[in-house]
Amino acid sequence: MAEENQSTNPSQEQPVESTPTPTLPLPRTYGELLGRNQNTGPKREWPEVVGLTAEEAEKKIKEDKPGVHVHVVQSNCFVTMDFRQDRVRVFVDDSRKVERPPRIG
């Protein structure tokens, strides 16, 4: 009778092979965990405005990120070190041209 059970139920005789599931790398940052990376997240820096006038740079920054406060600052002036998500500082030289890439902070 034991022989009859084995011959009628072939699935018990053959081991089931499982395909290995690919392992994904763990996210390194909270943004990656949420599905965002640096390329698709909100813009935080504007290197393309270096060399433009302060007014042109301010217009470009406000087009990319409406609602942000743009502060035009001489490059040799002191500024506070607090970080604000709604502020972009534009550092300009004596001819009012952007000297370094503005960024949020």
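Reply: Gln74 has Val92 of strand S2 standing opposite. This is a predicted model, in which local features need pLDDT of at least 70 and side-chain atom pairs count only at pLDDT 80 or more, while totals for chains, interfaces and linings use all residues. Residues are numbered from 1 along each chain as its sequence is written, and side-chain values use heavy atoms, with hydrogens and water left out.

The chain contains three helices and three strands, in the order α-α-α-β-β-β from the N terminus. Both kinds of element are DSSP runs numbered from the N terminus: helices are H or I with at least four residues, strands are E with at least two. The three strands make an open, mixed sheet, ordered S1-S2-S3. Its edges are S1 (69-74) and S3 (103-104), each of which pairs on one side only. Two strands are said to pair if DSSP finds at least two bridges between them. In general, strands of a sheet pair through backbone hydrogen bonds, either parallel or antiparallel.

S2 shows both kinds of pairing. With S1 it runs parallel, through six bridges. With S3, strand S2 (residues 87-92) runs antiparallel, and two bridges join them. On that side Val88 has Ile104 as its bridge partner, and Arg89 stands opposite Arg103.

S2 is also mostly covered, with six of its six residues buried. Buried means under 20% relative accessible area, exposed means over 50%, and partly exposed lies in between (1.4 Å probe, protein chains only). Arg87, Arg89 and Phe91 point one way from the strand, while Val88, Val90 and Val92 point the other way. Across the chain of 105 residues, 17% count as buried.

Arg87 belongs to S2 and is buried, with a relative accessible area of 4%. A polar atom of its side chain lies 2.6 Å from the backbone oxygen of Asp82. Leaving aside neighbours within four places in sequence, the residues in contact with Arg87 include His69, His71, Thr80, Asp82, Arg103 and Ile104. Contact here means heavy atoms within 4.5 Å.

Helix H3 (residues 54-64) packs on the sheet and touches S1 and S2, and its direction makes about 155° with that of S1. Axes are lines fitted to C-alpha atoms, for helices over the stretch in contact, and angles run from 0 to 180 degrees between N-to-C directions. The buried residues of H3 are Ala54, Ala57 and Ile61. Seen down the helix axis, they fall within an arc of 65°, so they line one face of H3; the arc is that of the directions from the helix axis to the C-beta atoms. S1 and S2 are among what covers them. The face turned away from this buried side carries Glu55, Lys59 and Glu63, which are exposed.

Between S2 and S3 there is a loop, where Arg96 is found. Arg96 is not a glycine, yet its phi is positive, near 65°.

Note on methods: A polar contact is a pair of N or O atoms within 3.5 Å; within protein, one must be able to donate a hydrogen and the other to accept it, and residues adjacent in sequence count only if both atoms are side-chain atoms.
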